[in-house]
Amino acid sequence: MAHATRQMAEMMRELAEHSDSIGGLLRQLLSPDHIDELHAPGSLGVIFADAMTLTAEPAIGAAVRAHVGELADVLAEVIARGQRDGELRADLDPESTAWLVLSFLSAHPFRSAVMPNRRHLEEHLAAMTLGMLLNEGASPS
């Protein structure tokens, strides 16, 4: 899990560094296609999804919390950058917002299992989430 965390954190930092727009990066991260890829068999997202089922075991739960916390920290840095650049709302708490985005990403298995017309609704959920994050005047799509 530590290796997967390092890979995901590095990927997030690299995407943010090479992105002209944090809003665009968030659009990409929250897109249904990206979330499907993240949760595809053999992907890094599956490792984290599987690890979540093991959190009842104290030693494993502590490790999972620490590793996911590292990802939240990196995402909070990205969100703070978006605020400094004026793309994201200034009143957002970067840490809370990072956990909101991670929660959205990690709830994919639940939505896939029970959501009717999933693709359509996933697109609307992503747009609503972006609408809450983007600075007024920034387009959510």
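User: Hello! In which helix is the place of arginine 111?

Analyst: Arginine 111 sits in helix H7, residues 108–114. Helices are DSSP runs of H or I with at least four residues, strands are E runs of at least two, and both are numbered from the N terminus. Before we go on, please note that this is a predicted model, in which local features need pLDDT of at least 70, side-chain atom pairs count only at pLDDT 80 or more, and totals for chains, interfaces and linings use all residues. Residues are numbered from 1 along each chain as its sequence is written, and side-chain values use heavy atoms, with hydrogens and water left out.

User: Thanks. Is arginine 111 buried or exposed?

Analyst: The idea is a pair of cut-offs: buried means under 20% relative accessible area, exposed means over 50%, and partly exposed lies in between, using a 1.4 Å probe and protein chains only. Arginine 111 has a relative accessible area of 6%, so it is buried.

User: With which residues is arginine 111 in contact, leaving aside neighbours within four places in sequence?

Analyst: A contact is a pair with heavy atoms within 4.5 Å. By that rule, arginine 111 meets Ile35, Phe104, Arg118, Glu122 and Leu125. Two of these names will come back: Phe104 is among the buried residues of H6, and Glu122 is among those of H8.

User: Let me step back. How many helices and strands are there in the protein?

Analyst: The protein has 8 helices and 0 strands, so written from the N terminus the order is α-α-α-α-α-α-α-α. Of its 141 residues, 39% are buried. Taking contacts between residues at least 6 apart in sequence, 63% join residues at least 24 apart.

User: How do I read a helix for its buried face, and which residues are buried in H6?

Analyst: An α-helix has 3.6 residues a turn, so residues three or four places apart point the same way. Helix H6, residues 94–106, buries Thr97, Ala98, Val101, Leu102, Phe104 and Leu105. Viewed down the axis of H6, these fall within an arc of 155 degrees, so they line one face of the helix; the arc is taken from the directions running from the helix axis to the C-beta atoms. Their cover includes H2 (22–30), H3 (32–38), H5, H7 and H8 (118–133).

User: And what are the buried residues of H8?

Analyst: In H8 they are Glu122, Ala126, Thr129, Leu130 and Leu133. They cover an arc of only 100 degrees around the axis, which puts them on the same side of H8. H2, H3, H6 and H7 are included in what covers them.

User: What does leucine 121 touch, not counting residues up to four places away in sequence?

Analyst: Leucine 121, also in helix H8, touches Met115 and Pro116. Leucine 121 is partly exposed, with a relative accessible area of 32%. Its C-alpha is 9.5 Å from that of proline 32, although 89 residues separate them in sequence.

User: How do I read helix packing? At what angle do H1 and H5 pack?

Analyst: Axes are lines fitted to C-alpha atoms, for helices over the stretch in contact, and angles run from 0 to 180 degrees between N-to-C directions. H1 (residues 2–18) and H5 (residues 58–84) pack at about 5 degrees, with axes 9 Å apart. That makes H1 roughly parallel to H5; the word covers angles under 35 degrees, while over 145 is roughly antiparallel, 65 to 115 roughly perpendicular and the rest oblique. Among the residues that meet are Met8 and Met12 of H1 and Leu71 and Val74 of H5.

User: Which residues are buried in H1?

Analyst: Ala4, Thr5, Met8, Ala9, Met12 and Ala16 are. They fall within an arc of 130 degrees seen down the axis, so they line one face of H1. The face turned away carries the exposed residues His3, Arg6, Glu17 and His18.
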